[in-house]
Amino acid sequence: MRLTFRTKLLASHVALVLAVVLIVILELNRSLGADLARQLDQRLEQQAQGAAQWVGEGRRHPERLAGRLAQVVNADVTIFARDGNVLGDSAHGYATTEPPAASSAPTPSGSPTPTPTTVSVEVEVEVAAAQHGAIGHATRTTPGTRDEIHYVAVPAADGIVVRLSAPLSDINATLSAMRSRLLFASAVAIAAAIALGFLASRIASRPLRDMTASATRIAKGDYDIAVSSTSPDEFGVLAEALSSLAAQLKARIGDLTAERDRLSAILAGMVEGVLVHDADGRVVVANPAAAEIVGGAAPLVGKRLEEAVTRADLRAFVEGAAKSAEVREAELEADGRSIALYVRPLAASAGGAVTVLRDMTAMRKLMTMRRDFVANVSHELRTPVAAIQGYAETLLGGAADDATRKEFMEIIFRQAQRIGALVEDLLRLSELEARAPEQAVRESVDVGAIAGHVVQTVRARAAKRGAVLALDVPDGVVVAGDPAGIEQVLLNLVDNAVKYGKDAGRVTVEARRAAGRIVLTIADDGPGIDARHLPRLFERFYRVDDGRARERGGTGLGLAIVKHIVESMGGTVHVESEVGKGTRFVVELPGH
C-alpha cells in the first residue's frame, strides 16, 4: 500500500515521541535505581560505622546489642567475632561461641542462620573484607525467595565485624511505581503526539495536496493553474515555482503547437511531397502530396519505407541515397509518370533521410504541348508565308502579265487572310486562357436569337455544299453567359459541321432544358470520327485529317477555343461520334 506524505509525517511524529519516551524511561530507571542503591549503601555504611563504635566501647551482650541497633538503624544487624562466629543477629536474636555452619546462608530477612554445631569453612566476601580492615559491600539474592539483599560490613575493635543488611525491595518498588507513572505519562504524551501530529500533518500536507493536484493537471496538459500560497517557507517557494513552471510550459507548448500547426499547414499546402524516414526505415514525417506521389495509402507516418513507397525504383533510390550519406537528385519515369527526387541524408547520429518529391508529369506534358504548339504554329505559318514570299517574288520580277498578276495577288490575299485568321484565333485563345473566372460576363442570353443569327451567317456556305441547316430551339430558352462567347461557340461548331459533314447533308442545331441547365446539340450526318481521335479533339492544332482540314481553311484552334469559352461560363462540352453515322457536339450551360 502506498503511504501518503500525511501518513508518513504523522508516523514520524509518533515514532519520535515513542523513541523519546523509551529513552527517558530507560535512563530514569537506570539513573534512579543507581542513585537509590548508592544512597542505601551510604546510609548502611554510616550506620554500620556508628554501630561499630558502640560495639567497640565494650558493651556486653552482643546478642542484645544487635537487636537494639537494628531498631535504631532500621536494618538487620549481625555481629561477627574475630574467628567468624556470629555473636549476635537481630533477625534471629541468638548468640553462640561455636563456629556457624559453612557459609551460613542468608535468612529470608537477609541475616545468616547460625548452626552452632557446624564449623564455618568460608565467610561472606563483605565480612572477609571487614576482617582485613576494609569496608565490605555485597548484594546477594536470597535462595528460595529470590529477594535481593544489600550488605555493608565494617570492622570494629578487637577484630569484631558489624554487618548491616537491607532488602532492595523498597528500591524496586520505587522504580516500579516510577515506571508505571512514566508509562501513563507516555501514553498521554503519545495520544497528544498523535492528535498534534494529525493536526500538523493536515496543515503541512494541505499545500502539498494542492501542488500535487496542480502537477497532475500539468501532466495532463492543463496549464491554466494558479497555485496560491502565502507561506514564506519552502512550500510557498515551491508553489510559486510551480505556477511559474506552468506559465512557462504553456507559453513554450503554445509556441511549439503554433510552430507545428504552421509547419503542418506548409507541408499540407506544398505541391512537392516531403517524406522523412529514420535510421530504422520508418516514416516519421509525410505530407499528403507525398502519399499521392509515391502511391502509398495515407497516412504514411509510422509505416516502414517498403510499405509507404510502393514504387520499387523510387524506394531503391531513396534507400541508396540514405546509405551513401550524399545528397542525390534524379528524375525517374514509369507508368507514364515522371517523378523528380531530391534526397538529403540526416545527420549521421540520427540516421535516415529527407526526401522531396515532385510529380513532373504535368510539367513534362505542358513542355511537350508547348513544343508541339511552337511546331504547329511554325508549320501553319510556313505554308502561307512561303506562298506569299514566292508569289511576291515573282511579281517583283515583272515576268507575269496582268491576268497572272491578278491571280497571284488573289493567292497572296487568301494566304494573308489565312495568317490573319490564325493570328486572330491565337490571340483569342490567349485572351481566354489569361482571363480570370470572375471576369467572365454573366447575363441572360436568348439562345434562340443567337442560334438563328448563326444559322443565317453560315447558310451561304452551307448552300455551296448543298447542306441543309435545321434549327430546333424552343422559345424562352435562356442561359447565363457571354452573348459573344455563345455566338462564337455556335458559329465554330455549326461551321465545322458544314465543313466536315457530307455534301448535301443535314446539320441540326437543337436546344433543350435538363435539370436547370440548357443542353445545346449540333449534329451532322457526315462520315463521323474514329473513337481514337475523340479524347484529343479539343487540343490545339489537333486534326483528324490534316490535309482535308487545311484544304477547307481550318486553323486547328476552333475546338480549343470552344472548350475554353464554354468552361469560362461554367459549362461543359463533349463530342459523340461513330464512323459512318455522323458527329454530335453537346454543350451544357447553366440556365437562367
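A salt bridge here is a side-chain nitrogen of Lys or Arg within 4 Å of a carboxyl oxygen of Asp or Glu. By that rule, K581 forms a salt bridge with E578, and their closest N and O atoms are 3.7 Å apart. This is a predicted model: local features need pLDDT of at least 70, side-chain atom pairs count only at pLDDT 80 or more, and totals for chains, interfaces and linings use all residues. Residues are numbered from 1 along each chain as its sequence is written, and side-chain values use heavy atoms, with hydrogens and water left out.

Stay with that pair for a moment. Buried means under 20% relative accessible area, exposed over 50%, and partly exposed in between (1.4 Å probe, protein chains only). K581 is exposed, because its relative accessible area is 62%. E578 has 44%, so it counts as partly exposed.

The structure holds 17 salt bridges. One of them joins D495 to K499, with the closest N and O atoms 3.2 Å apart. Both residues sit in helix α12 (residues 483-500), four residues apart, so about one helical turn separates them. Helices (H or I, at least four residues) and strands (E, at least two) are DSSP runs, numbered from the N terminus. D495 is buried, and K499 is buried too. Elsewhere, salt bridges link E126, R140 and R163 in a network.

Now turn to the sheet. Two strands pair if DSSP finds at least two bridges between them. Five strands form an open sheet in the order β7-β6-β10-β9-β8, with antiparallel pairing. β7 (283-286) and β8 (328-334) stand at the edges; each has a single partner strand, so one side of each lacks a neighbour in the sheet. On average, neighbouring strands of this sheet are turned by 20° against each other, direction ignored. Axes are lines fitted to C-alpha atoms, for helices over the stretch in contact, and angles run from 0 to 180 degrees between N-to-C directions.

What packs on this sheet? Helix α8 (residues 312-324) does, touching β6 (273-277), β8, β9 and β10 (353-359). Contact means heavy atoms within 4.5 Å. The direction of α8 makes about 170° with that of β8.

Seven bridges join β8 to β9 (residues 337-345), and the two strands run antiparallel. A330 has L341 in β9 as its bridge partner. In a regular strand, side chains alternate between the two faces of the sheet.

D359 pairs with R337, the closest N and O atoms being 2.8 Å apart. D359 lies in β10 and R337 in β9, so the pair ties together parts 22 residues apart in sequence. D359 counts as partly exposed because its relative accessibility is 30%. R337, at 27%, is also partly exposed.

Three bridges join β1 (residues 76-80) to β2 (residues 86-89), which run antiparallel. I79 stands opposite G88 in β2. Five residues lie between the strands of this hairpin, where G84 takes a positive phi near 95°.

Finish at helix α1 (residues 5-56), the place of L16. L16 counts as exposed, because its relative accessibility is 56%. L16, V20, V24 and L28 form a nonpolar surface patch, with about 330 Å² of accessible area together. Patches are made of residues with over 30% relative accessible area and no salt bridge; like charges are joined within 9 Å, nonpolar side chains (Val, Leu, Ile, Met, Phe, Trp, Tyr) within 5 Å. Accessible areas come from the Shrake-Rupley method with a 1.4 Å probe; for residues, only the protein chains shown count as cover.
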